[in-house]
Amino acid sequence: MVEPVYLIVVALGAAFSLGLLRKAGFVMHHLVLLLSLATMTAISAQWTVGLFTGSVSPAAIPTAGFSPPISINLQMGKTEGFLTLLVNLSVFLSSLFMIKTVKRRSVYVPMLMLVFASGLNGIIMTRDLFNLFVFIEIMSIALAGLIVLNGDIQQLGAGFKYILAGALTSGLMLIGIIFTYHTTGSLNIDTIANALTPELKAVGYAGLFLIFIGVLIELKPFPVNGFGLDVYESAHPAVGAVVSAGAATATLYAFAKIAIMSGDLFLELSMVVGAVTFVGMNVVALQQKIANRLLGYSSLSQVGLLVLVWSLVKWQNIANGDLIVLGLLVTHAFAKATLFWLSGIIQKEKIEDWGIIKQRIYLLFPFAIALLALIGLPPFPSFFAKWELIMALAANQSHLAIALILGGSLVEAVYLMRWFGHAFKNTAAEDETLSVSFCQLLPVFAGGLLLIGLGYPASLLSATASPIPWMLTAFVLFTFAMEFLPAKIKNIIVMAAIAWYGYPLLTTIGGYRVIFAGIFVIGALVTMIPGFSHKGNRLGFYPSLTMMFAGLIGIIEAKETMSFFFYWEMMTVGSYFLILRGKNSKPHALSYFLFSLGGAYLILAAFGYSFGQTTSVSLDTLSQVASTPYAALVMLFLSIGFMTKTASVGLHIWLPGAHAEAESDVSPMVSGILLKAGIFGLLMTFIALGDQKIGFVDIAYVLSWVGAISALVGNYLAAMQEDAKRLLAYSSVGQMGYALFGLSLMSHLGWLGALSLSVIHFTYKVILFLAVGGIVYRLKTKNMYEMGGLIRKMPITFFAVLVSIIALSGIPPLAGFGGRWVAYNAVIEKGWMLQGAIIGFSGIIAFLYLFRLIHTIFLGQLKDAHRKVKEAPLPFLLPQMLLIGLVMFLSSRPHTFLAPIGEIVKEFKPDGALTWTGPLAQSHLGYWDGVMVMWVFMGLFAANFALLFIMNRRAQPVKQFNIVYAAERPARPETTHFAYNFFAPYRRALGFLEYPLATHFFDGITDFLHAAAGFIRRLYTGNGQTYLFQIVAFVVVVFLLANGGF
Amino acid sequence: MTSTIAMTTGILLVLIGLFAILTQKDLIRIIVGFSIFDIGVHVIMISIGYISDATAPIIENLSQLGQSYVDPVPQALVLTAIVIGLGISAFMLTFAVFMFKKRGSLDINSFRDLKW
């Protein structure tokens, strides 16, 4: 083992020798820089590996031939090893990144970088108070030099403010150090910690407080961080990266050392400061449009989170506390560094201009990885850290902390994913080009790969984690590797993989899961067929698609809460990227992501409380929560969480846009298949927890109302759309309302109805979206008033739509009727007549939009522009035909699927099951024979058809323009079309249903947060003196806060 | 007594320096304010380790061993602190020079390019 002191020796030695090599030239300077940093990285890597595998023991390094506390000593333990590795690696990569981009080619840049690195290593390793102060100064001075790399006025201003603030706080720290020395007689952190008796703490409080507040201000807490923001904004991105990954990391550790040294004097205080910083910075960042400053806001908020989490785990003595903090820390360091490096490549000030990234499309991968890692999504280390943290906090019942951490991180997701949306969807000016060098790419991809690679060890280290079925994740990663292949080949590979993985799953999984596994696996295969119509290699589509389907299969397979949540999040991420691919889907994809993430956080909290109550992470033991005081809360959180996916009314506002604006072959996936994940979750929750009451209110009863209103509102709004895909999307809101209502009945028939509806809805909604997708593919419009008369041009599509709307409407003889019959039985049996009546009424409204769909698109007059339109392409028609076959089968032999589903439901709700004799179903209210109904209808249909055929011979065919129009040219042509505002009379009666209550509610929240951000950020006046005043005021306020001065 | 006077002087200097930093608009004056603040900190440090009637902690021969010495640690620390403080002052002055060259002004209010 190389002595850890060489970490400092190498850096300083190289820095001084560079002074002698001034004339040696640019290449030599950077060679020395990179070699020294590589050596340092290797030393810390060696120690980290040794310490974590146990082959070496932690070392204490005395200096000057004396042992502590006489001399200054350094320490190299697990934490020090890991942190020095982290900072050295990030400084190394940043130095590599700088080579080509730095304007001033002087020897001073490498020198400053090395001095900076030595400061970081010193801060991490030293155990001496005064030495800590010295290293902080070394780091700050070197950093101030690095900030002004380009020497422009912005950098000079930022650098000056930074030194000034640093000088003030280090003065305070120095006074604190000397007073602490006076009280305790030592400068050694460990000696002081041991010597601090309660009396000494009281006497030496002021000294300890000054050190603490000094280090705290070095971390730039809200609101005294204007000087820090200026640094992030103006400095060279490589410097931004080392500030975020290096300086913040080292200073955090210094803070931790000081806080431990002071006993638990300041834990509450740092929790408050950390929480305020995390939430405050995230909210203020909402208004930020400048990329680097946004990164600054995000960095400071993450540091706030780390301060909060570190103090929380110490305060509550959480067993895995250090690992949780390290997981968050390492993710933040590499994610933020990657983002800064990317910003150095893109060189666009405004986030709206980041569309230029698409000129080097592969850069979107590290960009997405870094953003998702920051939010804490799988499979990154932060995901596991957050999971562990929430489990522990929930077990300790720290409700406020859970709410703050999850709420703050949701706000963070808003601006991070908005940024991604800009980069993915905006187009850059054509004359701009993006140039990238190898030295820039290497750090960016190293950062991305490190984030992915560290996820696996992080999952092993967490205590409540169960083995995750990694196979699915591995396949997702594999799809990234085959991105260069043509889309058609990738389509085959992914389909084959899903079939290969899915078939054994279907045969072994059993229980209610098999229904959903069937929908997900078969659905995936069917809806991927249209993918064959795509040319080129469709970059990014297959990783996203695989992520979504792997997620869906993963939640089916999951046996523990963690793997369920892991794959739930993966599904959300995949579907977000899929939806984002649509032409106009930028805002809709974002709102989908945010609702899903919010829902996922509720699910996470619910799993946490369940773990806290039962100390079990198994999904099978979720039912044990039912007997604890948290039963109702867990049920409520899980229900709302899953309802964000089923888009129940109130949480539905993301759905119409997301489903309607997605690509033609994505809409059926997200509508026909993805929504069922929410139903699956709800069913799982209801099976485990059953009826729960909050006070006098029965949750299931409330949900039945939510379901009924969703059905009514969804169907009504569907009828009022002009856009065919939006119509179908709103129709899903209504249909999922039925399913929610059925589930909330908590009876055999209710569940049977809901589950059979899930299966049938999958078939007809996929057909409808594919049919409309095919039409949109040919007509290039989604507006129904621009269509008409397509029956002769697209007869197969017409037939598909006809069959599926009959199935959807629930009239005999097709499959929908069975579900409806079961549902009415269930309502009457349960006696919830009022909701039942609304459901029935919604069914009638459904006729309105279904009629409109077939009438407006296929009947009426053909538009001039569409005279040469052809039938939809085969890849669109084929899955429709397959599914029509399925619908016809299910319709003519309904008992073949209703009876087995009934058997599955019997396991949980044995009472009130149907009795089947062949195709004849009997409830205690009546009977129904699907096969008989089918025969009768076929007979009637044949008779009528024959009649029509005979009578039609007397009809006189009329050509389309066999009439004369005499009118002016209308200002808005669509208003003269009969199909425009088709249901205006109904609108007069029921228009109040269209009032966007939920949209206004969520818009209100967003507007409020943005307005607050606009107001609060005026704190950052840009005046260095104001910042100094804020620091002084902050010290006073925190001191008073800590001592009950208020 | 001596140490109390020193301590009081130190605290006064710190406050005067702080006042100057927070009220002066001129960069050079702010830097001067910082220097006063810094000197105040150093005086406080020295006064902490001072013991009345004690000599400097320098031992030249064994006969001096029994005498009382002032605490050597703060003195050692203050040396380092002075060096660092000097470095920072010099650094800030350099910044001020460049800032004046770029903008032609030393008023801290005229360097508000970055905000919000």
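View 1. Among contacts in chain A between residues at least 6 apart in sequence, 82% link residues at least 24 apart; two residues are in contact if their C-beta atoms, placed from the backbone, lie within 7 Å. Keep in mind that this is a predicted model: local features need pLDDT of at least 70, side-chain atom pairs count only at pLDDT 80 or more, and totals for chains, interfaces and linings use all residues. Residues are numbered from 1 along each chain as its sequence is written, while chains are lettered from A and ligands numbered from 1 in the order in which they are written.

**View 2. The build of chain A.** Chain A holds 39 helices and 7 strands (DSSP runs numbered from the N terminus: helices are H or I, at least four residues, and strands are E, at least two). The radius of gyration of chain A is 32 Å, close to the 31 Å that the globule rule gives for 1046 residues, so chain A is as compact as a globular protein of that length. (The radius is taken over C-alpha atoms, and the rule is 2.2 Å times the number of residues to the power 0.38.) The C-alpha trace of chain A spans about 110 × 65 × 50 Å along its principal axes.

View 3. Two strands pair if DSSP finds at least two bridges between them; E5(A) and E6(A) (residues 920-922) have 3 bridges. Look for Thr915(A), which stands opposite Gln922(A) in E6(A).

**View 4. Where chain A meets chain B.** Here 35 residues of chain A are in contact with 32 residues of chain B. Which helix of chain A gives the most to the side that touches chain B? That is H6(A), with 16 residues.

**View 5. Gln155(A) and its surroundings.** Gln155(A) sits in helix H6 of chain A. Gln155(A) counts as buried because it has 24 C-beta neighbours inside 10 Å (buried needs 20 or more other C-beta atoms within 10 Å, exposed 12 or fewer, partly exposed in between, with C-beta atoms placed from the backbone). Not counting residues up to four places away in sequence, Gln155(A) touches residues including Ile147(A), Ser234(A) and Ala235(A).
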